[in-house]
Amino acid sequence: MGISDVIPVPVAIDDEIEKWTIFGQPVAEVWFTTTEKIHQIIEMGPIKNIFNWGRKNSVYFLMQPMGCCGVEMFVFGAAPYDSDRFGCIPRNTPRQTDVMIMSGYITRKYLPVFKNLWEEMPEPKWCIAIGECAISGGPFYDSYNIIQNTADYFPIDVFIPGCPPRPEQFLEGLINLQEKIKQRKDKRDY
Amino acid sequence: MTNASEVLSSIQSAFPGAVLDSRVESDRRLWATIDSKKILDVCKHLTNKLNFDHYSGSAGVDWIARNEMEVVEIMASHGAHKVVAMLKVKTPRENPSVKSLANLYWNANWYEREIWEMFGINFEGHPGLYPLLLSDQLIGSWPWRKDFKGYPDLTTGERAVAITTPEGYTEYRFPPTPAEVEAGAVVAERPKYPTFREREEREIKSDSEMIMHLGPQHAMVPGPFLLDVLVEGERVKKGFLDVGYIHKGIEKIMENRTWLQGIVYTDRMCYVASLSNNECYCGAVEKILGLEVPERAQYIRVILEELSRIQSHLIGTGEFLTLVAGVGYAPWQYMIIDRERIISLIESVTGARLTHTFVRFGGVRNDLPDDFAEKCKSTLPYIKSRINEFIELFAQDAIYQKRMENVGVLSAEDAKRVGIAGPALRASGVAYDMRVEDPILVYPDLDFKVIVGTKGDCADRVDCRLREILESIYIIEQCLDRIPAGPIKPEAKIPKKVPAGEAYYRVEDPRGEMGMYVISDGGDKPYRVKVRGPFYATLQTLPPLLEGVYIADVVAIAGSMDGCPSEADR
């Protein structure tokens with residue numbers, strides 16, 4: 001049962017408009033339709049990639065400096081390297097972000113906090129591990145307080161090696177992530 | 001002018017038999033082993049009679065071969081004289097316990113808490129020994145002792161047990177390793193750090209009060225730390241500080257690396273100004289080795305450290321401005337754009353943007369590129385004009401002045417007492433600069449002013465920082481004129497093994513007094529490296545400074561201190 005069954009279609013539709021079609025369907029049906037219908041229509045045409053297109057061009061990241069890479073993240077988000085060009089804007093709260101940039105060492109004390117931040121982010125979300133420390137512990141591989149295998153805790157999409165990586169490498173990692181988002185299959189198979 | 005041997009004879013005459021062992025290294029350094037029963041009296045004597053009004057920190061050392069532990073108290077003076085007294089107190093390894101200085105010096109509190117949680121040395125009379133840097137799971141395993149078994153610990157991920165909290169979040173617990181259990185390192189009853197729920201229950205007395213959490217994640221501080229403020233209405237009643245969210249255990253790691261590899265870790269200690277960290281460590285090792293640095297290398301080091309100071313102050317000021325008026329990040333962008341020019345200058349020499357590993361024992365890694373002086377001459381006037389513009393802008397802006405004047409005022413007496421250093425201390429009117437107090441390299445030959453403020457409020461701290469940039473530019477210009485040709489490394493090869501000995505070396509970090517206490521036992525690795533970080537001291541003063549201010553001023557005061565929590569946590 002669609003919404004057009006509940007709310008009657010306005011009678012004042014021209015005869016002309018009734019003849020119009022979009023993707024082989026009558027326009028009137030498209031106009032007064034349900035979410036399911038919209039998804040059906042999106043699947044029919046080139047518009048079907050619109051969600052991933054939108055997601056990939058507005059990857060807001062959480063400003064979350066944790067180490068040396070955090071300082072490079074400052075610069076990456078600021079004017080000289082200007083991540084805005086790729087729709088990547090620093091946000092201050094996890095509730096407004098799509099990408100968690102893991103920018104340094106995760107200690108035993110910080111891990112629960114970091115996990116909370118990750119869980120506060122709305123879906124769909126992605127995670128980038130930047131620098132050796134976030135990937136494998138880096139120079140602190142034998143520290144008593146550093147978590148070495150962060151991939152056990154977080155579903156990391158892109159790894160950017162370096163100690164710390166340059167802001168250009170941040171940009172490259174971001175572009176790789178955008179490629180990944182573009183090819184992403186949703187529950188609805190977009 | 002007091003010198004080290006006079007200080008020693010004064011202690012010896014006042015307390016016969018209190019000095020068990022002593023060594024006068026130079027006019028400025030005194031090493032003395034004090035009878036543990038008399039340490040409080042000796043410290044009182046030093047403070048009251050000999051102007052040792054700056055308690056600079058303390059270090060713990062585990063002498064496992066001699067079956068004893070040592071606490072080294074570092075005492076200095078705010079300009080009255082230039083002696084640094086290193087007073088050692090010994091205690092047996094079983095049930096180690098020494099007298100606490102926390103009632104004598106306010107800032108001894110954190111240093112003693114750190115030594116307690118890392119070495120298990122009890123401090124008699126300490127107001128509250130509870131964890132500072134470590135998480136609850138590691139308390140009781142005393143990680144900095146030489147016989148710590150859980151190190152290196154490569155199994156944390158496999159051992160993690162996920163627990164879902166009542167709020168629906170996931171928390172992780174790490175059960176002890178078999179090695180830890182076998183060593184008996186796991187204590188059944190550990191003192192726990194209060195969770196925020198417990199803190200709320202304990203501290204909130206009436207309905208009009210609440211606790212606000214700032215951090216640990218914060219967008220404009222280059223590292224996490226948690227600041228809880230108990231507020232009543234618009235006023236802050238009390239501040240609580242949790243640090244250690246990025247405690248990496250650098251001091252312990254450096255004990256397991258060769259001397260040269262240690263430089264890499266000093267970079268990562270304070271990544272905003274890593275060159276002065278390099279300098280501090282290398283200087284201490286040079287002191288033990290007795291190395292002379294060639295003059296050209298000294299000039300190169302000074303140039304780079306001053307450049308590093310400029311970029312650190314720029315990022316610090318940018319952070320502060322974003323915290324107080326972060327609309328659209330505009331001031332932040334200006335600072336970062338200028339900072340990039342300095343970074344590219346440093347990069348042309350060291351090849352790295354942040355972590356340089358450039359300073360070497362007895363010299364530097366490589367020479368300046370040919371066009372470095374020209375590049376400097378084109379960049380520095382630009383930076384100078386920008387800084388002058390910023391100073392003028394802040395001085396003229398009525399809104400900024402109204403917002404920042406008399407906010408977070410730290411009087412000169414208080415600033416001395418709480419042991420902070422750097423621009424935050426100098427803004428209060430105390431001209432205390434390591435480049436003058438404990439001159440290293442070619443600083444004595446150079447002409448520069450120590451910038452001091454008058455009131456010690458937020459506006460003053462930022463103003464001091466900006467005017468220090470101008471002073472640094474002046475220093476670099478002098479260095480570029482005077483830099484001689486010559487070698488940049490000592491001719492003799494640096495030995496892999498450093499002879500047994502100890503040294504304490506201080507440099508002026510952008511955030512203040514940074515000191516490193518390095519001990520060698522004659523091996524190819526350091527026996528102990530203790531870092532006295534400037535921001536560690538500054539962070540400690542934050543909670544009392546916040547009492548009674550408006551909520552909106554909390555970030556202003558915290559931001560004006562120019563934080564680098566990584567160097568506080570190490």
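Author: Happy to! Across the interface of chain B and chain A, the rule finds two salt bridges, a salt bridge being a side-chain nitrogen of Lys or Arg within 4 Å of a carboxyl oxygen of Asp or Glu. One of them joins B:Arg353 to A:Glu72, with 2.8 Å between the closest N and O atoms. On chain B, helix H4 (156-159), strand E9 (170-173), helix H7 (250-254), helix H10 (295-325) and helix H11 (330-350) each supply at least two residues of the side that touches chain A. Helices (H or I, at least four residues) and strands (E, at least two) are DSSP runs, numbered from the N terminus. H11(B) gives the largest share of that side, seven residues. By class, the side has 35 nonpolar, 15 polar and 13 charged residues; Ala, Val, Leu, Ile, Met, Phe, Trp, Tyr, Cys and Pro count as nonpolar, Asp, Glu, Lys and Arg as charged, and the others, Gly among them, as polar.

Now for the whole interface: 63 residues of chain B are in contact (heavy atoms within 4.5 Å) with 48 residues of chain A. Together the chains bury about 4,700 Å², 60% of it on carbon and sulfur atoms; buried area is the accessible area (1.4 Å probe) that two parts lose on being put together, summed over both.

A word on the basis: this is a predicted model, where local features need pLDDT of at least 70 and side-chain atom pairs count only at pLDDT 80 or more, while totals for chains, interfaces and linings use all residues. Side-chain values use heavy atoms, leaving out hydrogens and water, residues are numbered from 1 along each chain as its sequence is written, and chains are lettered from A and ligands numbered from 1 in the order in which they are written.
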